[in-house]
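User: Hi! I'd like to learn how to read the aromatic side chains in a protein model. Could you take me through them one feature at a time?

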Amino acid sequence: MFGRRVRCWCAVRVVAVILGVFASGFAGAAAGAELSFERDVRPILKANCFHCHGEGERTKGGLDARLRHLLVKGGESGPAIVPGKPDASRLFELIRKGEMPKGEHKLSAAQVETIGRWIAGGARTLRTEPEQLGKEPYFTEEERSFWAFQPVKRPPVPRRNPGDPGRNPIDAFLLAKLRANGLAFSPAADKRTLIRRASFDLLGLPPTPEEVEAFVVDKSPSAYERLIQRLLDSPHYGERWGRHWLDVAGYADSDGYTEADPVRGYAYKFRDYVIRSFNADKPFDRFIVEQLAGDELVKPPLKNLPADAIETLTATGFLRMAPDGTASTNLEARVTRNAVVADTLKIVSTSLLGLTMGCAECHDHRYDPIPQVDYYRFRAIFEPALDWKNWRAPAARLLSLQTDADRAKAAAVEAEAAKLDAARKLKEEGFIEATLAKEIAKLPENLREPAREARKTAADKRTPAQQKLLKEFPSLNVSPGSLYLYDSKAAAELKKAAEEAAAKRATKPVEDFLHVLTEGAGPLPATHLFHRGDPDQPKASVEPGEPVVLAAAHPAKIPAKDAALTSSGRRLALAKSLTDGGHPLTARVLVNRVWMHHFGRGLVGTPGDFGFLGERPTHPELLDWLASEFVAQGWSLKKLHQLILTSHAWQQIATRSAEGDRIDPDNRLLGRMSIRRLEAETIRDAMLAVGGKLNPKLYGPPVPVMEDDVGQIIIGKENKDGEGKPGAWIPLNNEEFRRSLYVIAQRSRPLGMLEAFDAPVMEPNCEARNATTVAPQSLMLMNNQQVLALAEHLARRVQEEAGAEARAQAVRAWSLAYSVRPTEAQTRAAVGHLAAQAAHYRAQAAKVVTPVAATTTTAASTKAKVAEPVKAPEPELAALTSLCHALLSANAFLYVD
């Protein structure tokens with residue numbers, strides 16, 4: 001889990017390539033169409049052969065496979081292909097037998113067939129090839145014209161017919177494609193479904209029954225728009241959508257990399273910065289610039305900083321989120337340092353560019369037109385701040401926020417405390433002298449003067465006779481630490497004086513720090529291309545820059561040094577390039593992520609990979625229209641939310657149809673809404689909310705976690721004794737009921753309740769979450785003490801709000817958990833369950849049993865609270881708790897339609 005991960009991201013995709021997904025992913029020739037080298041064959045060879053036959057310093061066997069005519073020319077073994085004769089072509093013979101490519105991974109049957117058909121058809125090319133290739137990267141027309149590398153163009157909105165559902169441009173784009181496939185939109189969902197869907201979507205929390213009823217009875221035409229605006233204005237919006245960004249940023253409260261996994265004490269300030277930015281609807285272009293180059297926006301020196309400068313600097317925590325093992329002295333420094341740089345580039349490239357730049361660290365990218373030199377040009381942008389040869393360990397990168405005024409006040413306080421110390425010292429010396437005099441007086445007269453001399457003599461200067469004397473009469477060894485044994489009253493004055501000095505020192509301003517990225521002093525480092533990614537094999541130096549393949553659509557210049565800044569200005573130049581409104585990737589990537597979180601799947605199904613291995617957009621025109629609209633609306637995320645959530649597409653029912661399942665089983669055309677499971681944090685937060693226990697406090701240091709007596713990670717302060725066993729529960733003052741966003745994100749200690757529902761461990765970030773359905777989830781919901789405790793909290797709330805009547809309890813519990821009233825059949829079943837369970841618990845009332853749940857979520861799972869048998873809860877509460885437990889464990893709670 002810890003240590004260096006796979007260096008080349010391509011490796012994690014190899015299985016897909018072997019299964020032939022890669023071949024189809026290049027939109028190769030349709031059945032019966034003539035195959036070409038550029039479109040159909042070269043991508044296969046690039047992924048599997050170029051690294052040995054063309055891109056290295058020397059070509060193996062003298063064969064360069066990058067051009068068709070070079071294959072015909074061949075190498076040391078003669079021509080690699082004979083056009084029109086696959087059986088006479090050595091290349092085809094070797095790949096068919098599995099002898100090439102060398103190593104574990106072979107071509108799929110479909111890829112072998114494609115190459116054979118291409119040779120049989122005459123080994124066709126689409127255009128005249130260059131005679132030879134130089135050292136500069138060579139891109140085919142197909143690579144240069146790839147959709148993601150083209151400028152964003154605002155397409156016209158498709159024409160809508162009278163009576164079409166929705167009045168939103170989004171609906172026009174979607175409906176046009178639905179109709180082209182013989183489908184249509186589904187009807188709009190009812191108001192109860194919509195408010196529950198919108199609340200979870202924008203806040204990550206369920207609506208209260210009162211909010212539901214108010215929306216249902218509101219008949220005004222603007223009721224829905226006002227609902228969306230109210231949710232966007234909630235401070236919980238920033239928590240919900242900030243969590244999405246923290247995923248792609250790789251947010252963690254610990255360094256990771258090693259098993260020690262040191263805690264990052266100030267990383268939470270970046271989390272809070274993100275929440276504030278989302279709540280304020282900070283323009284996303286500014287949000288990006290601050291995270292990439294906030295330090296380059298603040299005028300040095302970085303001291304006595306105003307609040308806005310602190311906020312801007314805090315943003316650079318984005319570039320400090322990668323796992324970082326450089327504090328360890330037991331690891332090879334060059335490896336750990338370069339791992340931090342590599343992971344930081346992965347976070348930046350996947351989150352903002354939608355490109356797997358990391359695949360070009362050791363060699364040219366196997367699939368995308370990103371040569372290795374482009375990776376190191378991109379690295380050069382960040383290397384002045386992440387200089388692996390002049391490295392700063394995590395602690396050395398912390399920025400003190402102590403001002404000159406703070407230092408002056410601290411010095412003044414220290415001077416006053418020192419006076420108290422001096423006065424106490426005088427008293428202490430007096431007490432010791434008086435006590436020593438009393439003890440010497442007890443000695444025989446002939447020993448009194450030698451005793452005085454022995455005490456006056458420094459310990460390391462004493463004669464053997466003096467040492468013997470003090471050893472024979474230990475009562476003479478009066479010291480500050482032993483004074484209480486002779487004069488308890490004197491020791492208690494002295495203790496009070498020490499406490500006064502300590503209290504005085506406690507008034508010093510606390511020195512606070514920021515977890516930031518800044519450039520070091522000194523000359524700018526040279527960035528070198530590493531042969532096969534090995535820092536011990538540096539090659540030519542490179543200048544900073546973006547991927548060359550983007551230059552045609554978006555020329556960008558990253559200066560080696562901006563003369564107007566004291567820093568290099570490289571990251572600021574990159575940030576401005578990404579956010580100038582003309583970049584082909586940034587806005588597309590961002591709106592696709594937003595779409596993914598609203599619909600469960602992006603218009604591009606691979607949000608971190610817009611390259612050749614990624615999926616193609618299902619609605620490319622809509623993606624470009626949204627990207628252009630996002631920029632035109634000032635990069636406002638809240639306006640984008642309003643646009644999407646007011647579309648008919650988002651408001652559809654989630655009911656499947658036979659025709660829709662036949663034509664579009666994965667709902668990629670969006671003829672209905674997709675049912676989605678709540679994320680891990682949202683499940684826990686929703687349980688806290690419906691149980692009335694959610695602590696709405698914003699911001700601040702993370703809530704701690706600990707191991708319980710069975711090794712599960714739960715919320716709580718570590719309380720193990722010397723034998724490693726949990727001790728008494730340490731109160732958290734309701735911090736245990738805060739949103740999951742605020743629970744410490746320690747890579748090696750994920751909260752057990754969240755881990756079961758696919759909460760990601762950041763290595764280095766999370767492009768898109770999994771939503772698995774596995775047996776341990778049901779077991780966790782059934783047996784987890786925190787879930788049981790939350791069920792009891794819900795039961796107590798229901799008792800308080802609905803009274804003792806079973807029918808009213810069932811209605812209230814349903815309304816809280818599901819935002820709907822139960823049907824008559826459900827009500828009768830719930831009433832019957834409550835009666836049966838109450839009778840059961842009543843029969844057990846005389847017995848001593850382990851409680852169904854304790855009084856707090858974490859106390860329930862600590863040894864001190866659970867081990868001792870206690871009297872069973874009231875039968876009616878136990879019965880209602882069991883009903884609430886069932887409600888919280890059901891799909892109706894875990895999923896949103």
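User: Which ring does the charged end of Arg397 sit over?

Analyst: In this predicted model, the charged end of Arg397 lies over the ring of Trp391, at 4.8 Å from the ring centre. Another case is Arg197, whose charged end sits over the ring of Trp650, 5.5 Å from its centre.

User: Thanks! Now, how do I read two rings together?

Analyst: A pair of aromatic rings is described by how far apart the centres are and by the angle of the planes. Here the count comes to 23 aromatic pairs. Take Phe37 and Trp118: their centres are 5.6 Å apart with 35° between the planes, a tilted pair.

User: Where in the chain do Phe37 and Trp118 lie?

Analyst: Phe37 belongs to helix 3 (residues 37-48) and Trp118 to helix 6 (residues 109-120), so the pair links distant parts of the chain, 81 residues apart. Both Phe37 and Trp118 are buried.

User: Which residues do ring pairs link into a cluster?

Analyst: The cluster includes Trp245, Phe278, Phe284, Phe630 and Trp635. Leaving aside neighbours within four places in sequence, Phe284 is in contact with Trp245, Phe278, Leu590, Phe630, Trp635 and Leu637.

User: And how many residues does the largest nonpolar core have?

Analyst: That core has 173 residues, and Trp245 and Phe284 are among those with the most contacts inside it. Its largest share, eight residues, comes from helix 16 (residues 333-353). Apart from it lies another core of 21 residues, including Phe37.

Conventions: Residues numbered from 1 in each chain as written. Predicted model: local features only at pLDDT ≥ 70, side-chain atom pairs only at ≥ 80, totals over all residues. Heavy atoms only, no water. Core = buried A, V, L, I, M, F, W, Y, C linked by side-chain atoms within 4.5 Å. Buried < 20%, exposed > 50% of the residue type's maximum accessible area, 1.4 Å probe, protein only. Helix = DSSP H or I, 4+ residues; strand = E, 2+ residues; numbered from the N terminus. Contact = heavy atoms within 4.5 Å. Phe/Tyr/Trp six-rings, centres within 6.5 Å; stacked < 30°, edge-to-face > 60°. Lys NZ or Arg CZ within 6 Å of the ring centre and 35° of its normal.
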